[in-house]
Amino acid sequence: MTYRWQRLAPLAKRMGYDGLELACGGDHFNVQQALSDPNYVKRKREHLADEGLQCFAIANHLVGQAVCDLIDERHEAILPDHVWGDGDPEGVRRRAATEMQDTARAAAAFGVKTVTGFTGSSIWHAVYAFPPTSQAYIDKGFADFGTRWTPILETFDKHDVNFGLEVHPTEIAFDIASSERALAAVKQHRRFGFNFDPSHLAYQGVDYVQFIRRFPGRIFNAHMKDVWWGKGDGSVGVFGGHTAFGDARRFWDFRSVGRGMIDFESLIVALNDIGYAGPLSVEWEDSRMDRVHGATESAAFCRRLDFPPAKGAFDAAFDKTRQART
């Protein structure tokens, strides 16, 4: 969001992209303007069309984070003023929930069927389970998530829009087991699914290809983002040691797409196997590389990697009836 909208769209086209996942922040996409000004979404669409671009998803990670989080001063820096308000934690959470419902309405007005984002979590601080943490304590966290997000998902359903949680540490779901539990908490709501992003799973040791095959009907969006792990100098582990990204001591770090350790070939095969037909959306982060260079090479990497799925099993070609039809 550091690039202004007028510069972002032509730059994205020059870097080789077909479209954008527009973030709710900066001047990229404003939820309240989209709802109050009929010409706002029209102008956005016209600008994208002028640059030969599409919009595949709206991303509202920052506000979504506040729906279930234990609110503190860090949230003020990432939330719109009307959501932060007076900073009272429960008031912030409720205004964030309302803003997410408005995001569904705004996405529908813009003609977009997927909103990606975070959910926040009231139990992330208990992930290491000390002081001793009972399953009843964890159950309360998932129940809180279900209570706060089910009405939001009902609004998504009313407007025919899906919500894709980016499964990620600090969220209610951060691996396969917690994703299954999150689905149960919202009673398998048909509008709740995932923005698949392997970079948040791989360094944890989670089988990210298995994630695709475990949730075949729930992958609403896919991020192409790379990471490496098993690096550093041994002084920092998987929890990061409170170091900054790019610190050479780190065990893991995000890399430009194709320069990390994600097995994108297996990932694309799995996405094709489940019939995923959505975008491959590059989310680019690499502290060691110029971002225009990195995002440009990442677009080219994904184009080389992607391929249309087969229309049938290869040995079906030996069927004489089939041969007669082709």
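These legends accompany close-up views of a predicted model.

View 1. One member, Val238, sits in the loop between β7 (226–229) and β8 (252–255). Val238 counts as partly exposed because its relative accessibility is 33%, and partly exposed covers the range between under 20% (buried) and over 50% (exposed).

**View 2. Helix α4 under cover.** Here we turn to α4, which spans residues 61–68 and is mostly covered, with seven of its eight residues buried. Those buried residues are His61, Val63, Gly64, Gln65, Ala66, Val67 and Cys68. What do the buried residues of α4 pack against? Their partners include the strands β1 (19–23), β2 (54–59) and β3 (114–117). The helices α7 (89–110) and α8 (135–158) also pack against them, as does β5 (192–196).

**View 3. Strand β5 and its neighbours.** Five of the five residues of β5 are buried, so this strand is largely enclosed by the rest of the structure. On one pairing, β5 runs parallel to β4 (residues 162–165), joined by three bridges; Phe163 has Phe192 in β5 as its bridge partner. To get from β4 to β5, the chain passes through helix α9 (residues 176–185), making a right-handed β-α-β crossover. β5 also pairs with β6 (residues 219–224), again in the parallel sense and over three bridges. In that pairing, look for Asn195 opposite Asn221 of β6.

Conventions. Residues numbered from 1 in each chain as written. Predicted model: local features only at pLDDT ≥ 70, side-chain atom pairs only at ≥ 80, totals over all residues. Heavy atoms only, no water. Helix = DSSP H or I, 4+ residues; strand = E, 2+ residues; numbered from the N terminus. Buried < 20%, exposed > 50% of the residue type's maximum accessible area, 1.4 Å probe, protein only. Contact = heavy atoms within 4.5 Å. Pairing = 2+ DSSP bridges. Right-handed = clockwise from strand over helix to strand, strands pointing away.
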